Amino acid sequence: MLGGVEDFLGYMRAGSLWPATFGLACCAIEMMATGTPRFDIARLGSEVFRGSPRQADIMLVAGRVSNKMAPILRQVYDQMAEPKWVIAMGVCSSSGGMFNNYAIVQGVDHVVPVDIYLPGCPPRPEMLLNALIELQEQIRDTPLGANRKRIAAAAEAAALEATPTSDMKGLLR
Amino acid sequence: MSPQTFTTHPTGAFSADEDAPEYTAYGQDWSEISEEAKRLGQQRIVVNMGPQHPSTHGVLRVMLEIEGETVTEARAGIGFLHTGIEKNMEFRTWTQGVTFCTRMDYVQSMFQEVVYCLGVEKLLGITDEIPERANVLRVLMMELTRVGSHLVAIGTGGNEMGATTVMTAAFIAREDTFRIIEMITGLRTNNAYIRPGGVAQDSPEGTTDYIRSLIPEMRHRLDQLADLQLENPIFKLRLKGVANLNLASAMSLGVTGPMLRSAGLPYDMRKTNPYCGYETYDFQVPTSTDEDAYSRVVLRMEECYESLKIVEQCCDRLDAMEGQPVMVADKKIAWPAQLALGPDGQGNSLDHIRHIMGESMEALIHHFKLVTEGFPVPAGQVYQQVESPKGVLGVHLVSDGGTKPWRAHFRDPGFNHLQALSILCQGGQVADVVVAIATMDFVLGGVDR
Amino acid sequence: MSDDALDKSPVETSPKEAGLDDTSHDLASATPDAEGRAPLTLINVREGMFSGAGDTSGFAGLTQAVRMPGRSERPYGEWFDGFVDILEELLGDDAEQALEFIVVDRGELTLYVNRDYLVAVMTHLRDDQDLRFEFCLGVSGVHYPDETGRELHAVYPMHSITHNRHVRIEVAVSTDDAHIPSVTGVYPANNWHERETWDFFGIIFDGHPSLARIEMPDDWVGHPQRKDYPLGGIPVEYKGATIPSPDTRRQYR
């Protein structure tokens, strides 16, 4: 019964994800290019890029987030209504990218929870479409209710038992 | 909604009226606030066009004090995209600096590369030794990027005014330039193609034919854009007579590029201080005397056509110069690696690897030292300017005799243009602020660096 | 360079110990540059081959002083002589004091101006019909920590449309007294540029209408583009191995 509801809600949610405009730098230009006819993000459901975060489902953080911009990023994320997802587009938002310095936040996951990390400098529009499709698949398979609690507890237990990255020795693969 | 006070903004953007009640709006309460303000007879409102905004061309904060529909004060707050690129360049070699400076103004990335490389070559003293084919490729890249940049300006301008089709049409035209750039450099944008000494690699076979096949299509799309916009009565109403900047103001504020040319001064670096062989190309510099936003859009479209003319001339020259080198002959400076298209994409050319590993020890040493340490540049400082689509882009390079810049400072045209925002907007209407920002055509990446 | 510098063990040697005088204009101990001019400003003293820990290359004892190209003597060449003549004439008695020295290098003229006469020089550059430098292309700060007493330089590139010329005005101040008069009264375009130079270098422009931080957040402490300000990166970690940030890791000098 819950499975049926999950499928239905997942299908509906993944069907039309409207992005909030959070284009910052070079990735924003590629994000705009993804919205144009050659790559056309609208055929995947992202018909419009909403200016107001209140009406948006996903936040495509496209570009480098500076320390001055980080509070605004958090505020826009908070203003979005549930359910919401975040795609960190480009290496600068995933991990600080090539700018390992005083001005840039080394990964937006310091500020907002990220669902999909999309590397690239900038990622091609096709890569952004791939990330969006990946996210849609994740949304379709989202567990709900009791399933969600169970899976969340299992994930937390696994994370607590796992080796921290700094203790992983040996092969750098 | 009771009046609340908030701390005065450090830049002092608010009026110094101590008794005026201050409201903070968080959304969906605008009608209440305006009712209250009207009741109290307060007409002056401060609106924050915040960093996250679909119409501000990037992360720009505009603090507007409006009285009704009229803007009484407009202040721009920048720095939200400050990346510390200039300081980062001090810790990378001169060639690696190209990959950093290319990301400043990401819409016209080639121009940053060119101005930086021309500056480095001036410091090295090898400006005359750059092969001609490299110069032609540089001009080709620059003109294609110029078309791309103007199309972004025109497209996003139209989008911000509500005409989304203008944006899709402009970006589709831009895709053609990207196809050509990708064919030659391997990437659509942020290419790091232009290196000190020449360009990274030669154009593959069939490039000129491909370009020639795409040019009529690009012209057709530019015509389409012109048809869509220029005679449209709404477009004219929104742009004519808006965001005026006369010649005296433009010159005192250091405004250059299409904004200066729309005020009547035909000043183009490509004609006055030519570089990369621009004096040998046949092109016009469109100028207008109308000083308003409409004339700037027209100028940018005209410049796109002129750039396509230059691209055609480049193709003819490339055909004539088939097989010539694209890097300077001095092996102590020339970038050693070659790239080639392999089964899994673009990577190191196997011929080059065979040469350095099997055939020549000197080539291996040169490759290693040039890539890891870089070439040393004699001490001194230099200033180099190019005509970018936005205006005069300058770089001030200081070398301490080492393999890394001591200081690299870029003078971005958008920085000066954004300073003029107050002059363009004050006294006008709120809707004209969007038009002014769109036709000023700055990019926050270049402004903030 | 004296011999004791080379005999010393590879530890940090100060410029004085290395036989190099660190006052900016002692030209006696420095070797002439390529054009036979006595070199100028001490930019940097490089010790060893690598920065960072553990220089095992054997070049660790190497000490090299880096200096900028020297001050030029007349004739300067091209149009520079006429330009300097006109400027000296306009400045009159102040010319000696105002124009500290002149460097002609790589086809460009750099005028080192005393900060007290900066506004006067700028006004003449803008107003005189034979000079007519309409554009001041901003202020660029440069920090030379080894040039004691004159660490912070403010560089003003000037461009004349009428005569199609380019010149550079440079003002040097010490970190302890980093005040330069603002030229926004002469060239309003410099407003934001001066704010940016204050933000990144800490040079205070007296007379600027609103000298506030422009790029960094308003409550930032420090001036990021100075040489003693760290790049601020974090070590990048991958499965137990870390790579330090660019300014702290070992790199070629």
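The following dialogue explains how several features of this predicted model may be read.

Biologist: How much confidence does the predictor place in chain B, and what is its mean pLDDT?

Modeller: One begins with the average and then looks for stretches that depart from it. The mean pLDDT of chain B is 86, and 92% of its residues reach 70 or more. Over residues 1–16 of chain B, however, the pLDDT is below 50. Beyond near neighbours in sequence, that stretch has 26 contacts in the model.

Biologist: Where does helix 7 of chain B have a kink?

Modeller: A kink of about 25° is found at Leu214(B), shortly before the proline Pro216(B).

Biologist: How is a sheet to be read, and what is the order of the strands in the open sheet of chain A?

Modeller: For the side chains, the general rule is that in a regular strand they alternate between the two faces of the sheet. One then states the strand order and the sense of pairing. Chain A has an open sheet of 4 strands in the order 1-2-3-4, with parallel pairing. Strand 1 (19–20) and strand 4 (116–118) of chain A are the edge strands, each pairing on one side only. Within the sheet, strand 2 (residues 58–62) and strand 3 (residues 85–89) of chain A pair in the parallel sense over 5 bridges. As an individual example, Ala62(A) has Met89(A) in strand 3 as its bridge partner.

Biologist: Do strands 6 and 7 of chain B pair in the parallel or the antiparallel sense?

Modeller: Strand 6 (residues 339–342) and strand 7 (residues 345–348) of chain B pair in the antiparallel sense, over 4 bridges. The two strands form a hairpin with 2 residues between them. Gly342(B) has Gly345(B) in strand 7 as its bridge partner.

Biologist: Why does Ser262(B) count as buried?

Modeller: The test is a count of neighbours, and the cut-off for a buried residue is 20 or more other C-beta atoms within 10 Å. Ser262(B) counts as buried because it has 30 C-beta neighbours inside 10 Å. Ser262(B) lies in the loop between helix 10 (258–261) and helix 11 (269–272) of chain B. Leaving aside neighbours within four places in sequence, its contacts are Ser288(B), Asp290(B), Glu291(B), Ser295(B), Arg296(B) and Leu299(B).

Biologist: Is Leu17(A) buried or exposed?

Modeller: Leu17(A) is buried, because 23 other C-beta atoms lie within 10 Å. Its place is in the loop between helix 1 (2–15) and strand 1 of chain A. Beyond four places in sequence, Leu17(A) is in contact with Gly45(A), Ser46(A), Asp57(A) and Ile58(A).

Biologist: How is an interface described, and how many residues of chain B are in contact with chain C?

Modeller: One counts the residues on each side, then asks which elements supply them. Here 39 residues of chain B are in contact with 38 residues of chain C. Strand 10 of chain B gives the most to its side, with 4 residues. By class, that side of chain B has 13 nonpolar, 18 polar and 8 charged residues.

Biologist: How may chain C be summarised, and how many helices and strands does it have?

Modeller: Chain C has 5 helices and 14 strands. Buried residues make up 37% of its 253 residues. Of the contacts in chain C with a separation of 6 or more, 55% join residues 24 or more positions apart.

Definitions and conventions: Residues are numbered from 1 along each chain as its sequence is written. Chains are lettered from A and ligands numbered from 1 in the order in which they are written. This is a predicted model: local features need pLDDT of at least 70, side-chain atom pairs count only at pLDDT 80 or more; totals for chains, interfaces and linings use all residues. pLDDT is the predictor's confidence in each residue, from 0 to 100. Two residues are in contact if their C-beta atoms, placed from the backbone, lie within 7 Å. The bend at a residue is the angle between axes fitted to the seven residues ending there and the seven starting there. Ala, Val, Leu, Ile, Met, Phe, Trp, Tyr, Cys and Pro count as nonpolar, Asp, Glu, Lys and Arg as charged, and the others, Gly among them, as polar. A residue is buried if 20 or more other C-beta atoms lie within 10 Å of its own, exposed if 12 or fewer, and partly exposed in between; C-beta atoms are placed from the backbone. Two strands pair if DSSP finds at least two bridges between them.
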